Amino acid sequence: MTSDMQNKPARARKPRPAHGRGREDGPSSFQDKPGLAVRIAATRILAAVLEKKTSLDGMLDSENGNPIYRALSPADRALARAIVNSALRHLPRIETALSMLLDGPLPQGARSLHHVLVVGAAQMLYLDVPDHSAVDLAVEQAHRDPRNRRFVKLVNAVLRRLGREKTDIEKAVTAVSVLPDWFHARLVSAYGLEVAQRISEAQLTPSSIDLTVKADPALWAEKLGGTVMPNGSVRLGKFEGQIPSLEGFTEGAWWVQDLAASMPVRLLGDISGKRVADLCAAPGGKTAQLALAGAKVTALDQSGNRLRRLRENLDRLGLEAETVEVNMLKYQPEQLFDAVLLDAPCSSTGTLRKHPDVCWTKDETDIAKLAALQGQMLRHALTLVGPGGVVVFSNCSLDPSEGEAMIAEVLAEYPDVSRLAVRKEDWPGMEAAISPEGDLRTTPDMFGGVDGFFSCVLRKN
């Protein structure tokens, strides 16, 4: 959703005198006011996502992320993450709320001011931050930035009024979709308005932590205070702390894997003793599933660093797989495989609960390019199995052009390839995720919250 607050000069209604004085924003100038560094970091990260389409995960990396973010204490990093995540999850509603408090759009070129207001409003509307603190720090931040200093009174007036009228404003924006217009329209086209609205609201709910266990899901659900899901995953209850501190992590009894992400391998059925390739394997959750099921696994990835991480994960789990560093499109095995898993790179729009930046850093052009790449990868994957061989294609996109539509094109092109329909009776409790065509299609509103996933089973005749 593009803000409509940037076309012509604006003023706040009934502005009040600003407060707070300080120096210009520099590398060490904001350390003297508690909380200011956090807000500056959050604002810059938000700006990078919205203006430069920069991945949020990369900026929040503890070793190689944004320098201002890395300079924060662990507690301040957590707050900065919470502010940015809340701003991205609710951005259209925040922008609508701010537009209600302004007489007109913000001036041309005032994007930095827009981000300051969004960060302040996100704290006041969606986080447990005192209004006076959010207002004070936003005003101080505006004052120290030469670009925004002339708008200090406006920032003060807008956010103070937001605090006074918060209840009414929250009610007024509840009907606004929290997704960008282009993405919401595609969801409506694919799933209908009702499901699109459920998907939209589902991404506001924090993700659960699902585990794939090596054995005895009921036992581990009891040990960890979780619940066994219909597919055999274990879903943890409310959990605060570090995953490695949980019982069973060091021993390699389980690994973190979303319920939906665990399904593509399960769709392969009995693969014990079979030769199976995992074509885009890192970080290795699906590779581990294949190995646990008794397959002779060849795991491919074109990134050496990602393969090292995969091997480390397999070592902890006590599982084995052959690893090959290669672009899968150029891979030619000496012997064809019995089965292939292609969990293809995609727009990741099904992972908004975990990655709220996705729908702001990608657009329809990206989806079209990724769908074309996926088709190319699937066609190559089909050459890696002989007659009777099975290929499972999957990804975490909600867009049918990266799933159902692409599969239809490939099936029309290859008369010797057929779909193996997934049967609802084989997956009690998960019937809602099985499409009429026999594919697996999860959306974030299912099963108490899961990633949006598409999986299709193909057989070479």
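Which residue forms a salt bridge with Asp210, and how far apart are the closest N and O atoms? I looked this up first in the model, which is a predicted one. The partner is Arg235, and the closest N and O atoms of the pair lie 2.7 Å apart.

**Entry: the Asp210 pair**

I placed both residues in the secondary structure. Asp210 belongs to strand E1 and Arg235 to strand E3 (residues 234–236), so the pair links distant parts of the chain, 25 residues apart. I then checked accessibility. Asp210 is buried at a relative accessible area of 2%, and Arg235 is buried as well, at 9%.

**Entry: the sheet around E1**

I traced the strands next. Four strands make up an open sheet, and their order is E2-E3-E1-E4 with antiparallel pairing. The edges are strand E2 (226–228) and strand E4 (254–256), each of which pairs on one side only. On average, neighbouring strands of this sheet are turned by 30° against each other, with direction ignored.

I looked more closely at one pairing. Strand E1 (residues 210–213) pairs with E4 in the antiparallel sense, over three bridges. Within this part of the sheet, Val213 stands opposite Trp254 of E4. I also noted what lies across these two strands: helix H14 (residues 285–292) lies across E1 and E4, and runs at about 155° to E4.

**Entry: other salt bridges**

How many salt bridges does the count give? I recorded 23 salt bridges by the rule applied here.

I examined Arg198, which forms a salt bridge with Asp445; their closest N and O atoms are 2.9 Å apart. Arg198 sits in helix H11 (residues 193–202), whereas Asp445 sits in the loop between strand E11 (440–442) and strand E12 (453–460), so this pair ties together parts that are 247 residues apart in sequence. Arg198 counts as partly exposed, at 38% relative accessibility. Asp445 is also partly exposed, with a relative accessible area of 25%.

I then turned to Arg306, whose salt bridge is with Asp301, the closest N and O atoms being 3.6 Å apart. Are the two partners buried or exposed, or partly exposed? Arg306 is partly exposed, with a relative accessible area of 39%, while Asp301 is buried at 7%. I also followed salt bridges that share partners: they join Asp258, Arg353, Lys354 and Asp451 into one network.

**Entry: cysteines**

How many disulfides does a search of the whole structure find? I found zero. I went through individual cysteines to see how their sulfur atoms are placed. Cys359 is in no disulfide, and the nearest cysteine sulfur, that of Cys396, is 14 Å away. Cys359 is buried, with a relative accessible area of 4%.

Cys396 counts as buried, at 16% relative accessibility.

**Entry: summary**

I return to the opening pair: Asp210 and Arg235 form a salt bridge that links strand E1 to strand E3, and these strands are neighbours in the order E2-E3-E1-E4.

Methods: Residues are numbered from 1 along each chain as its sequence is written. This is a predicted model: local features need pLDDT of at least 70, side-chain atom pairs count only at pLDDT 80 or more; totals for chains, interfaces and linings use all residues. Side-chain values use heavy atoms; hydrogens and water are left out. Two strands pair if DSSP finds at least two bridges between them. Axes are lines fitted to C-alpha atoms, for helices over the stretch in contact, and angles run from 0 to 180 degrees between N-to-C directions. Contact means heavy atoms within 4.5 Å. A disulfide is a pair of cysteine sulfur atoms within 2.5 Å. Buried means under 20% relative accessible area, exposed over 50%, partly exposed in between (1.4 Å probe, protein chains only). A salt bridge is a side-chain nitrogen of Lys or Arg within 4 Å of a carboxyl oxygen of Asp or Glu.
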